[in-house]
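Please look over the sequence and the model shown here before reading on. The report that follows takes up a few residues, then the packing of some helices, and finally the chain as a whole.

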Amino acid sequence: MYAAEGNDAMYPKDPKKRADVNRWLLWEASSWFPTCYVYLVEYVVKPLMKGEPDEKVIEAEAPKCQRGLDILEARLSKNKWLTGDHVTIADIAVAAPMHLHADQKLPLDRYPSVKRWLTERVEQLESWKKTQGAVDKALRPNVRTPASVRTMVNYTKAVDQATELYFYESDKAKDIHAPGDAPVEITVSDGWSRAKEFTIDKNGFSVHDFHTKHTDWVDDEVVRSGFYPDVMELLKATTGAKRVLVFDHTIRSERNARKKLTDEKNTSQRTPVMLVHCDYTNESGPVRVTQLLGAEAEDLLSRRVAFINVWKPLNVVEERPLAMCDVQSCRDEDFFKLFLHYRDRVGENYVMSPSPNHKWWYFPRMNPDQAILLKTFDSATDSRARFVGHTAFEDPTSKPDAPMRESIEIRTICFY
């Protein structure tokens, strides 16, 4: 409380707001901390000391725990944070006894608003993340977050015939060379410690905080009208573009895995792409500008144009995260064309040949208030990154019951 004095955001000076914060601080100290402490002692401290938890103690404490979670659920079902739209010391204080909620076996699955607040908001605060290492070292000596993981990704063999995909049923799709026929085991490194160093012009990708109030991801028209403007503002602020066109989006979830590639209905709903690729080529980028903007295109293409995808999680990413191949580790020869056949047009992507020189990065446990920018085409031919290879991958550290990753991928063009 004293450390927060003078910080109006964390400990508001407004008497009414401060009273609400103080009320939560008193509740945490007098009621919530003692209950969480029982769970910590029984399920964390005793096993650490080679003891066994006493289930009778937990059974006796369970009604108090449920009452406490009911109180939190009632508030957090209405508010983003305990006292409103902004984090305060009340959130930090109430979350602190739950620091090891999974190991404590707190029944958060029955309280979705509490779980969302804790895992998607509190645990994603930079100040909170800085404390996790000390907590793990003291109370979870056998648990470590790996600095990298080993996994398989699907590169593509460069062969003498064209590499193709058809997005509709056609006899022409028989005997084609489809992409993804060169699976290779790679190392994917955790990029969080260097997050601020990555840039789309140097590495081909970057990661940013991205807060939006938009929550309806089902209705495509609502996404366009309610969310696209937020994307435009993000890109103008981060890239310096004079104009941003947001022209398409895809919701990705593993629940769409049974949907056939040739299913032409509701094409904005797809499964995560398990293929090393880049969405445009040196030729298809300008063609897409012309397709979308017609008469304007010639003038716009006389200046610098860049396609940037905005990849945003819709839940905390616990499986099928996104990996990026650092452009600094790639050669032009690593990329070759994949022809995409639609009923009304033929598009082009790049796929990639494997190379031991490729350096892969990811950002584990991304949350809905963050986003990755991916450079998928740049008309500039100086030393800056132009095309970034990327893919979803199976994270070997994911829990078997991890919730399915859901994300939205927004396609944009930035004009300079």
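Is Asp 175 buried or exposed?

The model is a predicted one, and within it Asp 175 is exposed, having a relative accessible area of 76%. Asp 175 belongs to the loop between strand S2 (163-166) and strand S3 (182-190), and its phi lies near 65°, a positive value in a residue other than glycine.

Arg 320 likewise is not a glycine and has a positive phi, of about 50°. The loop that holds Arg 320 runs between strand S8 (305-313) and strand S9 (322-325). Arg 320 counts as buried because its relative accessibility is 17%, where the cut-off for that class is under 20%.

Tyr 362 is part of strand S12 (residues 360-362) and is buried, with a relative accessible area of 2%.

When neighbours within four places in sequence are left aside, the contacts of Tyr 362 include Val 149, a group formed by Val 188, Ser 189, Asp 190 and Gly 191, and another formed by Pro 321, Leu 322, Ala 323 and Met 324. Phe 393 and Asp 395 are also among the residues in contact with Tyr 362.

## Helices H1 and H2

Helix H1 (residues 15-48) and helix H2 (residues 55-76) have axes that come within 9 Å and cross at roughly 150°. H1 is therefore roughly antiparallel to H2, a description that applies to angles over 145 degrees. The crossing in which H1 passes H2 is left-handed.

On the H1 side the contact involves, among others, Trp 24, Trp 27, Trp 32, Tyr 39 and Tyr 43, while the H2 side includes Val 57, Ile 58, Leu 69, Ile 71 and Leu 72. Charged residues also take part, including Asp 20, Arg 23 and Glu 42 in H1 and Glu 55, Glu 61, Lys 64 and Arg 75 in H2. By class, the residues of the contact of H1 with H2 comprise 13 nonpolar, two polar and seven charged.

## Helix H5 and its partners

Helix H5 (residues 112-121) is mostly covered, with seven of its ten residues buried. Those buried residues are Ser 113, Val 114, Trp 117, Leu 118, Thr 119, Glu 120 and Arg 121, and they pack against H2, helix H3 (89-95) and helix H4 (101-104).

The packing of H2 with H5 has an angle of about 75°, and the axes are 7 Å apart, which means that H2 is roughly perpendicular to H5. In this contact Leu 69, Leu 72, Glu 73 and Leu 76 of H2 meet Pro 112, Ser 113, Val 114 and Trp 117 of H5; these residues divide into six nonpolar, one polar and one charged. Leu 69 and Leu 72 of H2 are named in the contact with H5 and also in the contact with H1.

## The chain as a whole

The secondary structure of the chain amounts to ten helices and 15 strands. Its C-alpha atoms fill a box of roughly 70 × 50 × 40 Å along the principal axes. The radius of gyration is 24 Å, which agrees with the value near 22 Å that a compact globule of 416 residues would have.

Buried residues account for 51% of the 416 residues in the chain. Of the contacts between residues at least 6 apart in sequence, 75% join residues at least 24 apart.

Note on methods. Residues numbered from 1 in each chain as written. Predicted model: local features only at pLDDT ≥ 70, side-chain atom pairs only at ≥ 80, totals over all residues. Heavy atoms only, no water. Axes fitted to C-alpha atoms, helices over the stretch in contact; angles between N-to-C directions. Helix = DSSP H or I, 4+ residues; strand = E, 2+ residues; numbered from the N terminus. Parallel < 35°, antiparallel > 145°, perpendicular 65-115°, else oblique. Left-handed = near helix turned anticlockwise from the far one by under 90°. Contact = heavy atoms within 4.5 Å. Rg over C-alpha atoms; globule rule 2.2 N^0.38 Å. Buried < 20%, exposed > 50% of the residue type's maximum accessible area, 1.4 Å probe, protein only.
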